[in-house]
Amino acid sequence: MRSLLPFLYLFSVWTKGARPADPTLPFMEYLDQNYMVCLKWGFDNPQGNITFKLVVNTTGWVGFGFSPNGGMKGSDMVIGGVGPSGIYFTDRYATGNSMPLVDEQQSYTLLSVTESDGQTIMTFRRSIQSCDRQDFHITDKPIKLIYAYGITDEIAYHGDRTGTKEVNLLNYKPRTTSTNLNYLNATVDNITIPQSRTYYHCKVMQFPNLKTKHHIYQIEPVIENTDIVHHMLLHRCPTFVTKPYDKPCFMGDMGDACFGCLSVNAEIHFVVCILVCISLSVLCWCKLIHSFLFLKPKAYKLPENVGIPVGGEDTFYRLEIHYNNQNSKADRTDSSGMKLHYTAQLRQHDAGILTTGMLPLDHIHYNIPPKATQFHTYGVCNTTLFSQLLNPVPELQVFAMILHTHLAGRKVRVGHYRNGEQIDFLGLDENFNFEFQQVISLGNIKTIKQSDEIAVECTYSTTDRTNVTMMGLATTDEMCLAFLFYYPAIKINTCVSHPNTSISKDKNDIAAQESLLKTLPQIQYISDDNTNSSFNLYGTVREMMKTPTDTCENKNAASRRSTSWIMNPAGIMLLLLWIAMM
């Protein structure tokens with residue numbers, strides 16, 4: 001508890017000064033883990049203007065923008081500050097990892113920029129719908145926000161003073177600040193990392209006995225050595241695991257069962273929930289074994305009305321940490337892990353995660369050819385199968401997801417079908433970036449009804465590869481998965497598929513190979529918490545609609561700037577009432 005005090009003090013100082021008194025800027029997010037960069041915003045309507053206030057703990061230059069994939073290339077940004085010669089502010093765009101260029105059409109309007117108490121506060125606005133080809137079009141879908149800042153007013157390389165965070169600006173769900181200090185601590189204690197490049201360490205432990213059910217509402221990674229911690233998972237173990245240990249993984253110990261390996265038949269063996277082991281920059285909880293996965297040190301807080309149940313049972317957990325000691329350094333020690341913040345005040349719903357997409361095991365034949373500019377892979381989930389393991393089946397309310405591929409992934413789309421027709425996309429990322437995977441809040445709850453179908457489409461580029469790419473756990477293999485965060489939680493945790501490649505041979509032509517894998521019968525598989533499972537050997541991949549595009553309204557810059565960014569009194573009252581009801 002003592003180690004939290006500096007963090008809590010810093011948080012309380014920032015929160016006191018950051019909560020806006022101006023109701024025209026009702027939304028706020030910290031863009032970094034250390035509460036150094038705070039963004040507030042507000043808008044009148046999705047076709048009007050949006051106003052931002054950027055508060056950064058520096059007296060140097062500050063930058064903020066929008067990126068298609070979390071990186072510099074293709075991003076739209078502003079840079080400003082208060083220098084020796086006065087105020088400066090420019091609309092810019094980036095063509096790569098270099099100095100952003102000044103946009104010919106300055107689409108952002110500076111409202112104010114000041115320095116106070118070591119902070120730079122910059123307020124500006126822009127049109128939500130912009131027709132400038134260098135501007136990023138803001139939609140009601142999650143957007144990757146980027147920031148950077150310097151310690152002086154010389155606009156130069158920012159070093160590590162930069163970051164990205166995905167936020168749904170137009171469908172933001174405000175959250176209240178929790179003062180609950182209770183958390184479960186799952187960490188290793190000063191273990192020695194071998195000199196070998198790859199090392200897995202496992203610790204099987206019990207948490208302090210919570211005699212009644214509680215809810216986990218936030219998972220916070222604790223990363224001591226960011227240069228060698230590749231990822232970590234926390235598994236809930238089956239009841240026959242009753243002894244703790246702290247040593248290398250995969251040594252034939254009873255705790256290996258915490259992976260939830262299921263033997264389906266003599267020919268097919270596969271792992272449930274370990275499918276996400278190699279995922280980067282994400283958190284994942286798989287309901288079968290309560291697996292949490294982190295790489296980059298970002299906390300994730302669940303929505304206010306859902307929580308992950310814990311307590312009321314005598315359970316062991318297994319923490320697994322993968323260390324990537326690239327330089328084979330000796331005598332490295334580590335005490336990483338995670339904190340699970342919990343509360344006795346139960347929330348309205350238990351949260352669950354449904355793993356959908358394609359079953360990614362290297363011993364099941366599936367070859368992605370090399371030199372492919374775009375190669376599409378599909379996994380399907382038909383919820384009609386749920387009734388074989390669960391009755392009744394409630395409607396699932398999806399509020400967030402993780403989209404996941406490996407290095408060759410370029411796009412991920414999750415189609416939602418009802419009565420054989422696509423009705424929506426549950427999620428999509430047309431600019432997928434392996435280095436920026438995280439939990440994406442949808443903004444709007446999406447309902448999956450019994451008998452609905454889900455299809456996950458992944459687009460790969462293998463133009464830089466000379467050999468086929470297989471499905472598997474290695475980073476150089478591929479995956480195609482979507483983890484759906486939903487409520488109320490049900491016992492079914494996995495709904496994936498794989499084309500029945502045993503009945504056909506690979507094609508030499510890239511297009512023919514893609515068509516073959518799409519038209520082959522899909523072997524569909526579902527499983528639940530009790531290791532029950534069900535199969536369907538005749539699943540199909542339905543056609544997926546084109547990604548919706550936003551029509552640019554051809555407004556000139558003058559008309560855009562003339563639109564008032566101040567919310568009218570009725571809009572303010574409605575917004576405040578909505579927030580109060582959340």
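How many of the nine residues of strand E9 (residues 119–127) are buried? Eight are, so the strand is largely enclosed by the rest of the structure; buried here means under 20% relative accessible area, with exposed meaning over 50% and partly exposed in between (1.4 Å probe, protein chains only). The legends below describe a predicted model, in which local features need pLDDT of at least 70 and side-chain atom pairs count only at pLDDT 80 or more, while totals for chains, interfaces and linings use all residues. Residues are numbered from 1 along each chain as its sequence is written, and side-chain values use heavy atoms, with hydrogens and water left out.

View 1. Strands, labelled E, are DSSP runs of at least two residues, as helices (H or I) are runs of at least four, and both are numbered from the N terminus; two strands pair if DSSP finds at least two bridges between them. Strand E3 (residues 49–56) runs antiparallel to E9 and is joined to it by eight bridges, with Lys 53 standing opposite Thr 123 of E9. Strand E8 (residues 109–116) also pairs with E9 in the antiparallel sense, over seven bridges, and here Val 113 stands opposite Met 122. The hairpin of E8 and E9 has two residues between the strands, and Asp 117 takes a positive phi near 55° in this hairpin.

**View 2. The open sheet E29-E34-E31-E32.** Four strands form this open sheet in the order given, and their pairing is antiparallel. Strands E29 (375–382) and E32 (421–429) stand at the edges with a single partner strand each, so one side of each is left without a neighbour in the sheet. Neighbouring strands of the sheet are turned by 20° against each other on average, direction ignored, where the axes are lines fitted to C-alpha atoms (for helices over the stretch in contact) and angles run from 0 to 180 degrees between N-to-C directions. E29 and strand E34 (residues 453–460) run antiparallel and are joined by eight bridges, among them one in which Val 380 has Ala 455 of E34 as its partner.

**View 3. The disulfide of Cys 202 and Cys 249.** A disulfide is a pair of cysteine sulfur atoms within 2.5 Å, and by this rule the count comes to three. In the disulfide formed by Cys 202 and Cys 249, the sulfur atoms are 1.9 Å apart. The torsion about this S-S bond is about 105°, so the disulfide is right-handed. Cys 202 lies in strand E14 (residues 198–206) and Cys 249 in the loop between strand E17 (245–248) and strand E18 (261–263), so the pair ties together parts that are 47 residues apart in sequence. Both cysteines are buried.

View 4. Cys 381 counts as buried at 1% relative accessibility, and Cys 495 counts as buried at 1%.
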